[in-house]
Structures are given as structure tokens and as C-alpha cells.
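Hi everyone, thanks for coming. Please have a look at the structure I am putting on the screen, and then I will walk you through it.

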Amino acid sequence: MARTMESTNDKRIFIVGAGVSGLVAARVLENHGYSPTIFEAGDRVGGRVKTDIVEGYQLDHGFQVMLDAYPMAQEYLNYDKLDLQKLIPGAILFNNGKRRALGDPTRELSMAVPTMLSSIGSFSDKLKVLKLNFKLRKKSLDAIFTSEEKTTLQYLQDYGFSQGMINGFFKPFFTGIYLEDQLQTSSRMFEFVFKMFGEGSAVIPRAGIEAIPLQLQERLTQTNFSFNTRVKQVTQNTVILEDGTEHHSLGTIIATEAGDLVSNLSQQQLSWKSVDNLYFEFKGSAVYHKPIIGLFNAENTLVNNIHYVTNIANEYEGRNGLLSVSVVKEHQLSEEDLIKHVQNELKQHAKITNTRFLKRYTIKKALPNLDNLRYEMAPTETQLTTGIFLAGDQQLNGSLNAAMMAGERAALGLIQTLEGGVIS
Ligand SMILES: Cc1cc2nc3c(=O)[nH]c(=O)nc-3n(C[C@H](O)[C@H](O)[C@H](O)COP(=O)(O)OP(=O)(O)OC[C@H]3O[C@@H](n4cnc5c(N)ncnc54)[C@H](O)[C@@H]3O)c2cc1C
């Protein structure tokens with residue numbers, strides 16, 4: 001059907017949520033000539049992808065990386081402008097004052113000797129890592145997301161990895177990614193993440209993780225943003241705001257949890273995985289200097305991973321260092337006790353002393369707990385009911401790639417119903 005400027009410029013197309021998914025949905029709508037309005041409950045774009053400046057330090061809301069091999073990120077982001085900082089593939093593992101390095105020697109030569117000498121995992125485990133890498137490079141994303149699902153733990157055991165390798169490396173490494181410490185997350189996610197790590201690098205923009213949604217926002221020229229605006233309800237042809245204002249709509253994309261917004265979905269509440277992220281300033285030298293993640297692999301530590309943050313705001317001369325610490329295990333500690341506990345573990349396991357607590361982010365809804373993980377969905381599948389389309393990572397899997405994919409597909413689904421025919 002022919003589109004006129006009048007119909008495509010119609011402002012009665014709404015998106016709920018200015019996270020990465022909502023922003024990509026807006027991008028696709030703009031690409032097709034529409035001018036959507038985004039209602040965002042918060043004061044800025046980003047959703048779960050935010051960075052604060054605190055005492056001059058740049059603090060991401062939770063340690064988070066992007067994998068530059070994500071196909072959707074390659075499509076929607078300009079990597080050069082993000083000034084991406086690469087992390088070395090692998091990790092430094094800390095356990096009661098001892099430290100070992102494990103990495104991919106085929107990618108980072110400096111990791112070859114420590115990896116081979118590391119007492120974590122047998123020689124056969126290390127060969128299996130290389131074999132798995134090779135296998136997953138050849139396996140398509142489609143094949144990964146249609147494979148039989150089992151837990152990651154089962155997958156690793158079935159692949160023949162030793163208990164030492166699983167507990168010493170895979171558990172701490174994937175706990176930090178899945179935000180659960182039993183490796184119960186689907187093997188599809190394991191294969192997806194492993195493949196993405198194998199084909200590219202884990203990266204963080206130099207200006208902090210929020211640079212990603214900010215770049216998506218910057219490139220939107222026809223989208224209208226309404227911040228500090230919480231949506232209360234979405235129906236077939238209205239969006240009702242918390243203050244009671246009603247907007248007549250031609251179509252709405254819900255790029256967040258839809259359970260509370262659409263009446264017949266109220267029973268479908270998602271469960272979420274959470275994380276505590278603490279930042280410390282430290283004096284003196286870091287205990288390691290390479291851009292690589294640090295993992296704690298002693299049993300029962302609260303600390304899962306540490307990361308020495310280097311980025312724009314922290315690079316000023318004379319500044320103390322900045323350390324990010326993630327706690328995934330559930331705990332009932334008060335903030336004061338948690339800080340003490342974490343500082344003790346830093347000292348005991350990694351010999352990190354002289355830390356001053358800066359800030360804590362408790363992110364209750366960090367990653368959706370999902371079964372039947374998917375890589376993508378057809379635009380038509382995003383339609384919940386007439387006029388309402390669903391986006392957000394929870395439609396597919398908990399990742400930036402999925403958030404972008406779901407946003408794209410929901411926008412295409414909406415456009416398709418407005419215009420008829422198949423839109424690519
Ligand atoms: C600590 C942490 C670590 C992570 N690590 C990684 C990682 O390493 N790699 C990776 O790929 N992914 C990671 N993720 C996941 C990734 O951040 C998410 O998949 C992605 O940001 C989800 O984007 P979204 O737009 O779907 O949802 P959100 O970012 O949650 O956006 C939803 C938006 O909707 C708004 N909203 C909600 N309700 C309403 C309402 N009623 N009215 C108006 N607005 C509303 C919210 O304020 C929010 O801005 C991590 C996430 C966290 C929190």
C-alpha cells in the first residue's frame with residue numbers, strides 16, 4: 001500500500017520504554033518514515049544500560065559488556081564512534097591468595113603460557129575448549145537456538161569437561177554472565193555466548209556502557225521523547241499514562257514487561273535474576289594490569305567478579321583506581337556488612353587492600369529468567385493483539401543482541417499491519 005507523508009508522520013505510534021529495545025524499534029520506524037513517541041518512566045534513555053558519574057568516576061549500573069560479534073549490534077551501532085575498549089578473552093582467577101590465568105591462547109598470545117601452565121582443568125580440558133570453539137564457529141545461530149535445551153551444567157558435563165574445569169572456570173565465568181551460580185541457564189545461551197566470545201571480543205565503550213543507548217538516541221531525528229512518563233495501561237487503541245492522560249494510538253510497542261500494562265497479561269509475571277554491583281576506589285597499584293576480568297573461584301565467596309575500570313572519567317592523572325565488584329549469590333547482609341564482607345574477600349583472595357567504598361547498585365531485575373530461549377522472532381509473532389506489539393529482551397533471551405532484535409521485529413510487525421504486505 002502506498003504511504004503518504006501524512007500517514008507515516010502520524011504521531012499516534014507509541015513505544016513504551018526507551019531501553020535499547022525501544023530505541024531500536026524507533027530507529028526501524030523512522031527508517032520507514034514514521035515519527036513515533038516514546039514514553040519512558042525514567043529521566044533518560046538506556047533502561048538497564050546506564051552509567052553515572054559519581055565523585056568524578058564513571059560507574060556503569062552493573063558490570064556489563066557488549067560482544068562486538070553480536071549481529072544486531074553490528075547493524076545498529078557505529079563501533080568506531082563508541083571507542084570500544086576490548087577485554088582480553090579469558091580471566092584471572094583468584095583463590096585464597098593464589099592467582100591463575102586462563103584464556104584463549106589462539107587469540108591472545110600473552111595468555112598461551114599461563115593457560116597451559118594453569119592448574120585449572122587438565123590438558124584435555126584445554127583442548128576441549130579449542131574444539132568447542134571450532135565447533136561453535138561452524139554452528140549457525142539458527143542451529144544453536146533450535147538445538148535441544150539442557151542446563152549449561154549438563155551440557156558441560158556431557159561435553160566431557162572435568163569437574164575441576166567446570167568449578168574452577170566455567171562456573172565463575174558464566175555466573176557473571178547468567179547472574180545465577182548453578183549454571184541452570186539454557187545450553188542455547190551457553191553456545192550463543194561462547195560463539196560470540198569466540199568470534200569477537202567483549203567490549204565496553206570508553207565513555208561507559210550508556211554510550212550505547214546514547215548513540216542510538218542521537219541517531220533518532222523524528223522520534224519524540226517523553227521522559228518521566230509512566231504508562232499505566234495499553235489497549236488496542238489507547239495508551240493511558242499514570243496521570244490519567246489518554247492518547248489515541250494507531251499502534252503501540254511495549255518494549256518492557258507487558259504484564260502490568262495489558263489487562264489479559266496480568267497473570268504472566270516474569271521472574272528475574274539480580275546482581276549487586278559495588279564500586280571501590282583504591283590507592284596504589286592494581287593487582288593486575290591487563291584489561292581482563294578477575295574471577296573468584298573459591299567455594300562460597302560472595303564476590304563473583306572484579307573489574308578494574310579504565311575509562312574516560314577515570315583516566316585523569318593523579319586519580320585513584322576504580323574497582324567494580326559483582327556479587328551474584330543471594331545474601332541477607334545489610335549494606336554495611338556486605339561492604340565489609342566484600343572488602344575481606346578482596347583482601348583474602350586477591351590481596352586487594354586500601355579500598356574505599358563508593359557506591360552500590362542493587363539491580364533486582366537484571367536479566368529475565370526464561371525457558372525456551374530464542375534468537376529471533378518473525379515480525380508477526382510480536383503482535384499480542386490488535387494494535388499491541390511486544391519487544392524487550394524478555395521476548396528472546398537476556399542480551400543486548402536480543403533487545404535490539406526484539407525491537408526491530410516488533411517495529412516491523414507494527415509497520416506490516418499498518419501498511420499490509422511483508423516488510424523487510
Ligand atoms: C547488570 C547487568 C548486566 C548485564 N550484562 C550484559 C552483558 O554483559 N551482555 C549483554 O548482552 N547483556 C547484558 N545485560 C542485559 C542487557 O542490559 C539487556 O538485555 C538490555 O538492556 C534490555 O533492554 P530492553 O530495552 O529490552 O529493556 P530495559 O533496558 O529494561 O528497558 C525498558 C525501559 O522501559 C521503561 N519502562 C518500564 N515500565 C514502563 C512504563 N510503565 N512506562 C514507561 N516506561 C517504562 C524502563 O524505565 C526502561 O527504561 C545485562 C543487564 C544487567 C542489568
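Among contacts in the chain between residues at least 6 apart in sequence, 72% link residues at least 24 apart; contact here means heavy atoms within 4.5 Å. A word on where this comes from: it is a predicted model, where local features need pLDDT of at least 70, side-chain atom pairs count only at pLDDT 80 or more, and totals for chains, interfaces and linings use all residues. Residues are numbered from 1 along each chain as its sequence is written, and side-chain values use heavy atoms, with hydrogens and water left out.

Now the overall picture. You will find 13 helices and 21 strands in the chain; these are DSSP runs numbered from the N terminus, with helices being H or I of at least four residues and strands being E of at least two. Along the principal axes, the C-alpha atoms fill a box of roughly 65 × 45 × 40 Å. For 424 residues, a compact globule would have a radius of gyration near 22 Å, and the chain agrees, with 22 Å. That radius is taken over C-alpha atoms, and the globule rule is 2.2 Å times the number of residues to the power 0.38.

How much of the chain is buried? Buried residues make up 57% of the 424, where buried means under 20% relative accessible area with a 1.4 Å probe, protein chains only.

Next, the domains, whose bounds come from an automatic or database domain assignment. Domain 1 takes in 5-50, 210-267 and 371-419, while domain 2 takes in 53-205 and 272-368. Their C-alpha centres lie 30 Å apart, and 28 residues of domain 1 touch 29 residues of domain 2 by our contact rule.

Let's zoom in on helix H11, residues 211-218. Its buried residues are Ala211, Ile212, Pro213, Gln215 and Leu216. What do they pack against? Their partners include helix H2 (20-31), helix H13 (400-419) and strand E9 (202-205).

Strand E9 is where Pro205 sits. Is Pro205 buried or exposed? Pro205 is buried, because its relative accessible area is 1%. Leaving aside neighbours within four places in sequence, Pro205 is in contact with Leu82, Asp83, Leu84, Ala211 and Ile212. Finally, Pro205 and Val65 are 140 residues apart along the chain, yet 8.8 Å separates their C-alpha atoms.

Note on methods
Buried means under 20% relative accessible area, exposed over 50%, partly exposed in between (1.4 Å probe, protein chains only).
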